[in-house]
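Please look over this chain with me.

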Amino acid sequence: MRQLGVAMRQTDQDGSGLGRGMLIAAWVGALALLTLLFDGELARLLNPNRAPAGEVNDAGVREVTLQRNAQGHYVAGGRINGQA
């Protein structure tokens, strides 16, 4: 009977270690997922003009309208005459 009790304690200890590892893995996975989700949102808030589109007006001049970011600045990526 005593041997059975020792075997059960070893199984409990091994199981709790596995459970703790699974819990840590779940938290790490959840944090990684939240980081990915909020990274895109943060990039959009910092630069709402990631791909600005220009339109040619009646005078034949190309115009680009930019939106302000969350801080009130006008930020845009793109190229002018092939230069970044």
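1. Start with the layout. From the N terminus on, the elements of the protein chain run α-β-β. That gives 1 helix and 2 strands. Helices (H or I, at least four residues) and strands (E, at least two) are DSSP runs, numbered from the N terminus.

2. Know what you are looking at. This is a predicted model, where local features need pLDDT of at least 70, side-chain atom pairs count only at pLDDT 80 or more, and totals for chains, interfaces and linings use all residues. Residues are numbered from 1 along each chain as its sequence is written, and side-chain values use heavy atoms, with hydrogens and water left out.

3. Check burial next. Of the 84 residues in the protein chain, 4% are buried. Buried means under 20% relative accessible area, exposed means over 50%, and partly exposed lies in between (1.4 Å probe, protein chains only).

4. Now helix 1, which spans residues 2-46. Glu41 and Arg44 both lie there, 3 residues apart, about one turn of the helix. Their side chains meet in a salt bridge, at 2.7 Å from N to O. The term means a side-chain nitrogen of Lys or Arg within 4 Å of a carboxyl oxygen of Asp or Glu. By this rule the count is 1 salt bridge. Glu41 counts as partly exposed because its relative accessibility is 34%. Arg44 is partly exposed too, at 43%.

5. Leu23, Trp27, Leu31, Leu33, Leu34, Leu37 and Phe38 make it, with an area of about 790 Å². Leu23 sits in helix 1. Patch residues have over 30% relative accessible area and no salt bridge; like charges are joined within 9 Å, nonpolar side chains (Val, Leu, Ile, Met, Phe, Trp, Tyr) within 5 Å. Areas come from the Shrake-Rupley method with a 1.4 Å probe; for residues, only the protein chains shown count as cover.

6. Which residues line the largest pocket? They are Pro52, Val64, Leu66, Ala76, Gly77, Gly78, Arg79, Ile80, Gln83 and Ala84. The lining divides into 6 nonpolar, 3 polar and 1 charged. Here Gly counts as polar. The volume is about 190 Å³. A pocket is an open set of points on a 1 Å grid where a 1.4 Å probe fits, with protein on both sides within 12 Å along at least five of seven lines; lining residues have an atom within 4 Å of a point. Volume is the space filled by probe spheres set on the points.

7. Finish after strand 2 (62-64), in the segment that holds Ala76. Ala76 is partly exposed, at 43% relative accessibility. Ala76 and Pro48 are 28 residues apart in sequence and 7.7 Å apart in space, C-alpha to C-alpha.
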